[in-house]
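Biologist: Could you take me through this fold? Please begin with the terms.

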Amino acid sequence: MKIGITGSSGSLGKALLKKIGFNKIFRFKGRLENKKKINEWIKKNSFDCVIHLAAIVPVNIVNNDKKKAFNVNYIGTKNLIDSIKKHSKRKIWFFYSSTSHVYKVGNSKKKEMEKTNASTYYGKTKELSEKYILRNKKYLSVCIGRIFSYTAKKQKNYYLIPSLINKLKIKKKIIVFKNLNHYRDFLTIEDITSAIKTLMKNKATGIYNICSGKRIYLVDLVKAINRNYKKNLKFNSNSKSTSLIGDNSKLKKIGWISKNTNYLKYIKNYSK
């Protein structure tokens, strides 16, 4: 297969390249807002599939420049779809890396058929992109993966877990954490790349949650990491507890198996 990929320089992109191999993979290295560059890339290569990972992700970064996030995450995706429609010589398999942020936080496990109601502006850009992709699915074999929380060794410090680790490294007797009264669904990056590989192998179409299906309390997450630092911890939270957990039964039905049996143990070893 001849594979095109965007976002290959990110932590997920790099991990995925290692997982599926570099043979016949063509990386898009321009800006998604540049229609000319996208058209050149699509016209030059006769892709069997395109994996679209590129996006501005961290919620705080997105909120600091919503216009840029909209242009990259939505307009960039629209440019890519429009170029494939116009220039691709075949109906390609198209994987779109979406997010759990398209869902509204709530106590029940999120299923793919649930109506989206983005919980963040980042999620809104992804929700809009999903809708545009699905409106054009007659031109593509569309697969949307809604990825829940994860971390990676080289993830930037503004992501949740690296920021927690860095805070625990501060030379203070007592470390105070705020607003961690929440439950989230965490995967290892290895599980995410294996899920994408499984979806690609099966040429799966439709929407799939890529998640563990397990609830992790963020306070417990910090405590697990802190076993390596042995700091005195204090937790302050005036916010209402929220939960964002996915149902992964649809993904399991096509043969994906998670190796994430105990994320708290994994993150303890990871954060050494």
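Modeller: Two strands count as paired if DSSP finds at least two bridges between them. Helices (H or I, at least four residues) and strands (E, at least two) are DSSP runs, numbered from the N terminus. The model is predicted: local features need pLDDT of at least 70, side-chain atom pairs count only at pLDDT 80 or more, and totals for chains, interfaces and linings use all residues. Residues are numbered from 1 along each chain as its sequence is written, and side-chain values use heavy atoms, leaving out hydrogens and water.

Biologist: Which residue of β10 is the bridge partner of Cys143?

Modeller: Gly206 is the partner of Cys143. Strand β5 (residues 141–147) pairs with β10 in the parallel sense, over five bridges.

Biologist: In what order do the six strands of the open sheet come?

Modeller: The order is β2-β1-β3-β4-β5-β10, with parallel pairing.

Biologist: Why is one side of β2 and of β10 left without a neighbour in the sheet?

Modeller: β2 (25–27) and β10 (206–210) are at the edges and each has a single partner strand, so one side of each lacks a neighbour in the sheet.

Biologist: Turning to helices, which strands does α7 touch?

Modeller: Helix α7 (residues 189–201) packs on the sheet and touches β1, β3, β4, β5 and β10, where contact means heavy atoms within 4.5 Å.

Biologist: And which residues of α5 are buried?

Modeller: Among them are Tyr122, Glu127 and Ile133; buried means under 20% relative accessible area, with a 1.4 Å probe and protein chains only. The buried residues of α5 pack against α3 (59–64), α4, β4, β5 and β10.

Key
Axes fitted to C-alpha atoms, helices over the stretch in contact; angles between N-to-C directions. Buried < 20%, exposed > 50% of the residue type's maximum accessible area, 1.4 Å probe, protein only.
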